[in-house]
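Here's a quick briefing for anyone opening this structure for the first time. Have a look at the sequence and the model, then read on.

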Amino acid sequence: AGKFYQHAPTETSQATLASVSPVFAVMKFDKEGNTTYFEKKKTELYQELGLQARDLRFQHVMSIATRNNRIIMRMEFLKAVITPEFLLILDYRNLSLEHWLLNELASQLAGEGQLVTYSLPFEFRAIEAILQYWISKLQGRLNTLQPQILETLEALVDPKLLSVDRSKLHILLQNGKSLSELETDVKVFKETILEILDEEEVIEELCLSKWTDPQVFEESTSGIDHAEEMELLLENYYRQAEDLLNEARELRVLIDDSESIIFINLDSHRNVMMRLNLQLTMGTFSVSLFGLIGVAFGMNLESSLEEDPRIFWLVTGIMFLGSGLIWRRLLSFLGRHLDPPLPPQVPAALKKSQPAAGRVDMKTSLKGETFGLSRSTLTNQ
């Protein structure tokens with residue numbers, strides 16, 4: 001009886017844990033592209049697939065791993081399990097994800113899409129379809145951010161603006177934050193593929209049909225082994241991620257350069273206002289200096305000069321003439337100390353050795369069209 005009471009709570013707790021096991025909404029695709037939907041508990045699903053419970057512990061991370069001749073792919077919210085016969089998408093109820101699953105994935109797996117691996121085993125098509133979806137999603141985010149950032153920067157770097165629009169700065173701040181998140185996602189995607197490319201054993205394990213069907217040990221019609229095919233597939237998407245990351249970095253450099261131009265514009269206008277304030281201060285000082293003569297004559301003192309009708313115009317003329325001369329002298333002194341020195345002359349030999357201005361790519365020409373006018377205007381000012 002004592003043993004019974006000791007084991008009863010344990011059995012009850014196990015039954016309770018099994019009853020509260022999470023339920024996955026699963027979409028299943030076979031080799032022909034046929035789709036089925038069902039819901040299954042986590043305990044039942046990993047037992048059917050021959051996996052462990054930790055293998056289906058999907059977090060918001062990115063990884064590609066193999067377990068018991070199964071490929072487990074985690075692409076943030078995209079959770080997939082690939083076998084040689086079918087593909088399982090778990091928790092697919094997402095608007096953007098569900099649209100891709102219904103309209104594109106089924107046809108791609110059936111060989112009707114534009115996948116390069118349509119003649120290879122099923123796991124190749126499944127991996128390529130998922131990688132293609134993810135890289136196109138990252139590219140779409142960049143294509144959305146790029147015109148918004150360029151439009152905002154073009155409005156902010158205008159040298160005619162005396163102040164910066166706070167709403168534009170807020171938009172630029174939000175877009176910069178989104179660009180940083182995109183850079184992080186692309187880096188994680190690239191590092192995930194790079195970890196697989198550095199391990200030959202993992203590449204071999206990704207070729208699931210190689211271990212279930214003896215015929216796939218033979219080389220393909222192109223003379224390349226399936227493991228090499230898998231490596232080429234991963235390298236292709238690694239290069240695409242690298243190109244995407246370079247575009248994001250160029251856009252980040254463009255934002256940093258634009259911030260410098262904005263600060264130069266503001267400093268230029270600030271210097272103009274300070275110089276104008278200094279000129280007015282010197283003018284006020286000049287007038288005040290010679291205004292002492294008028295103050296002296298305005299005192300209630302008796303002399304013979306106030307009886308002469310011409311003395312008023314003489315004193316007034318001396319005051320204005322002296323003030324003007326002093327102000328002019330101060331302005332020339334200010335100009336000698338504020339004007340920048342002349343740039344050094346460049347030898348003719350160096351000018352001839354410079355590369356042609358037309359050898360620039362599309363990105364450089366875009367930057368030049370957007371910000372070249374601002375730089376030249378600031379330099380002339």
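Predicted model: local features only at pLDDT ≥ 70, side-chain atom pairs only at ≥ 80, totals over all residues.

## A charged patch to start with

Helices α5 and α6 (200-206) each supply at least two residues of the negative patch. Helices here are DSSP runs (H or I, at least four residues), numbered from the N terminus. Residues are numbered from 1 along each chain as its sequence is written, and side-chain values use heavy atoms, with hydrogens and water left out.

**The negative patch**

- The patch is formed by Glu191, Glu195, Asp198, Glu199, Glu200, Glu201 and Glu205.
- Patches take residues with over 30% relative accessible area and no salt bridge, joining like charges within 9 Å and nonpolar side chains (Val, Leu, Ile, Met, Phe, Trp, Tyr) within 5 Å.
- Asp and Glu count as negative and Lys and Arg as positive, while His and the chain ends are not counted; a charge is placed at NZ of Lys, CZ of Arg, CG of Asp or CD of Glu.
- Accessible areas come from the Shrake-Rupley method with a 1.4 Å probe, and for residues only the protein chains shown count as cover.
- Which helix gives the most to the negative patch? That's α6, with 3 residues.
- Glu201 sits in helix α6 and is exposed, with a relative accessible area of 61%.
- As for the wording, buried means under 20% relative accessible area, exposed means over 50%, and partly exposed is in between (1.4 Å probe, protein chains only).

**The nonpolar patch**

- Val272, Met273, Leu276 and Leu280 make a nonpolar surface patch of about 390 Å².
- Met273 belongs to helix α8 and counts as exposed, at 53% relative accessibility.

**Salt bridges**

- How many salt bridges does a search of the whole structure find? The count is 6, where a salt bridge is a side-chain nitrogen of Lys or Arg within 4 Å of a carboxyl oxygen of Asp or Glu.
- Lys40 pairs up with Glu48, and their closest N and O atoms are 2.8 Å apart. Lys40 is buried at 17% relative accessible area, whereas Glu48 is exposed at 53%.
- Arg141 and Asp185 form another salt bridge, at 2.8 Å from N to O. Arg141 lies in helix α4 (residues 122-156) and Asp185 in helix α5 (residues 166-197), so this pair ties together parts that are 44 residues apart in sequence. Arg141 is partly exposed at 29%, but Asp185 is buried at 15%.
- Glu242 bridges to Lys190, with the closest N and O atoms 2.7 Å apart. That links distant parts of the chain: Glu242 is in helix α8 (residues 226-298) and Lys190 in helix α5, 52 residues apart. Glu242 is partly exposed at 22% relative accessibility, while Lys190 is buried at 14%.

**A buried tryptophan**

- Leaving aside neighbours within four places in sequence, Trp100 is in contact (heavy atoms within 4.5 Å) with Leu78, Leu105, Gln108, Ala129, Ile130 and Tyr133.
- Trp100 and Tyr133 are 33 residues apart in sequence, yet their C-alpha atoms are 8.2 Å apart in space.
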